Amino acid sequence: MTFHLKSAVAASALIVAGSVAWADCGIESGSVRILSNDFAALHAVAEWAEKCASSVVEVTKNQTEEHKNIQVPALSINPATYTVAVVATNSIVPLLNDDLIRPLDDLVAKHGQQLLDSQKIVVNGKIMAIAFMANSQHLYYREDVLAENGIEVPQTYDELFAAAEKLKATGYETPISSNFMPGWNLAAEFVNTYLGTGNDFFEPGTAKLAINNEDGLAVLDNMKKMVGYMSTDWATFDSNAQKPVWEADEAVLSISWGSRAGAYIADDSPAPEIAANTSFAAAPAIGDDTIPTAALWWDGFTIAKNISDEDAEASFIAMMKGISPDMMAENLDKAVWLIDGYEPTKAASGVIDGLNKGARPYPMLPYMGLLHTALGDNLAEYLQGQESAEQALKDIEAAYTTAAKEAGFLN
């Protein structure tokens, strides 16, 4: 597969253009059934898509953190359970591999005049998805607590750990939090940190794994240090679990998703003083490198292949409503929008800081998902002190190699 994204993420920080008002949906008939992840920005998109519902148009949604496990079986049946699958950089790959989504070129030509070229995700010469937001993990920090203790905003992990030591001495027993729940989240932390080394995950031009090296060991050591400053319940922490910890004043430094930043500083926060003193910066660099340890992502939507052309067109039009400039104008703080007219807000500052400092994209490779699974299944034992870093890397390599051979990526 050849993937092409026309500078969508970089463009997001620079787009300052006028928007046009959105007219009525104008869908004559059809069923729109949306599957997506579950966070504020996607709630906003789905709610605006639902404005297209009428006596002749049905719009339903399933917004769940289990969306990645649901999408392939749900789109494999005919007709597909969902007409729209909202995807990210990695989760589009299984849908492409199994030929479950349709090219969008005709629908873009007919109904996509509002789209920027940077939103069109082109695969093998065809538009297969429409990107509408950029995302990455980055540093969250408490301005007031750092200032009170004479701590500069950490730029590297060495500085982060030094700050954590100082904070522990002031009474913060667990000054750091992050998404270390075993499985997808824990694997993402390894991927983020490894990207910061500047190294690649695979040997050039092949699916052969290339993380069993000094950089891989350094990443594991860094993750082990992180756990030392986190709650003993770190294995239960995903994005949803982190926010209550932050609002309870239990953590001062956090690595979390840019798509969650707006909720942390919202006017209706249950901890208004903490919200007012929460700020964002690029993820720290590791070792002597200067690259932020965070993958750049895009989120966008696809249209199922196994549905009628009528439902496909209705779904595309509804999603154009969902990602309209008017939706964005009401939800500026909820995402780094890849939509015409976007001007960055405070909530976007962490993602944009990472962009400006050279954060690398998540590898959009057919076999990256197999590595992500192998990482998620084989990191917890090391972090819990049950095996060595060397053994963890061997286990990851063995699990990935077996899966890659079964999938035909390796001989």
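In this predicted model, the C-alpha centres of domain 1 and domain 2 lie 27 Å apart. The domain assignment gives both domains in two segments: domain 1 spans 31–134 + 296–360, and domain 2 spans 136–293 + 363–407. Contact between them involves 26 residues of domain 1 and 30 residues of domain 2.

The size of an interface is often given as the accessible area lost when the parts come together. Here, the area buried between domain 1 and domain 2 is about 2,200 Å². Carbon and sulfur atoms give 57% of that area. On the domain 1 side, the most area is lost to domain 2 by Trp297, Lys346 and Arg360. Together these residues account for 28% of what that side buries.

Salt bridges also occur between the two domains. Their count between domain 1 and domain 2 is 2. Arg360 meets Asp200 in a salt bridge, with an N to O distance of 2.8 Å.

The search of the whole structure finds 17 aromatic pairs. In one of them, Tyr157 and Phe161 have ring centres 5.7 Å apart. Their planes stand at 35 degrees, so the pair is tilted. Both residues lie in helix H7 (residues 157–169). They are 4 residues apart, about one turn of the helix. Tyr157 and Phe161 are both buried.

The rings of Trp184 and Trp297 form another tilted pair, because their planes are at 50 degrees. Their centres are 5.8 Å apart. This pair links distant parts of the chain, 113 residues apart. Trp184 belongs to helix H8 (residues 184–195), and Trp297 to strand S11 (residues 297–303). Trp184 is partly exposed, at 26% relative accessibility. Trp297 is buried, at 3%.

Aromatic residues also form a cluster. Ring pairs link its members, Tyr140, Trp246, Tyr264 and Phe280. Elsewhere, lysines sit over rings. The charged end of Lys51 is 4.6 Å from the centre of the Trp48 ring and sits over that ring. Lys224 lies over the face of Tyr382, 4.5 Å from the ring centre.

Side chains of opposite charge can pair when their charged atoms come close. The structure as a whole holds 14 salt bridges. One of these joins Glu65 and Arg260, at 3.8 Å from N to O. Glu65 lies in the loop between strand S3 (57–63) and helix H3 (67–76). Arg260 lies in the loop between strand S9 (253–257) and helix H11 (261–264). The pair therefore ties together parts that are 195 residues apart in sequence. Glu65 is partly exposed, with a relative accessible area of 32%. Arg260 is buried, at 13%.

A further salt bridge connects Lys120 with Asp117, whose closest N and O atoms are 3.2 Å apart. Lys120 counts as buried, at 18% relative accessibility. Asp117 is partly exposed, with a relative accessible area of 46%.

Arg142 and Asp144 also meet through their side chains, in a salt bridge of 3.0 Å from N to O. Arg142 is buried, at 5% relative accessibility. Salt bridges link Arg142, Asp144 and Asp249 in a network.

Technical notes
Residues are numbered from 1 along each chain as its sequence is written. This is a predicted model: local features need pLDDT of at least 70, side-chain atom pairs count only at pLDDT 80 or more; totals for chains, interfaces and linings use all residues. Side-chain values use heavy atoms; hydrogens and water are left out. Rings of Phe, Tyr and Trp (its six-membered ring) pair if their centres lie within 6.5 Å; planes under 30 degrees apart count as stacked, over 60 as edge-to-face and the rest as tilted. Helices (H or I, at least four residues) and strands (E, at least two) are DSSP runs, numbered from the N terminus. Buried means under 20% relative accessible area, exposed over 50%, partly exposed in between (1.4 Å probe, protein chains only). A charge sits over a ring if NZ of Lys or CZ of Arg is within 6 Å of the ring centre and within 35 degrees of the ring normal. Domain bounds come from an automatic or database domain assignment. Contact means heavy atoms within 4.5 Å. Buried area is the accessible area (1.4 Å probe) that two parts lose on being put together, summed over both. A salt bridge is a side-chain nitrogen of Lys or Arg within 4 Å of a carboxyl oxygen of Asp or Glu.
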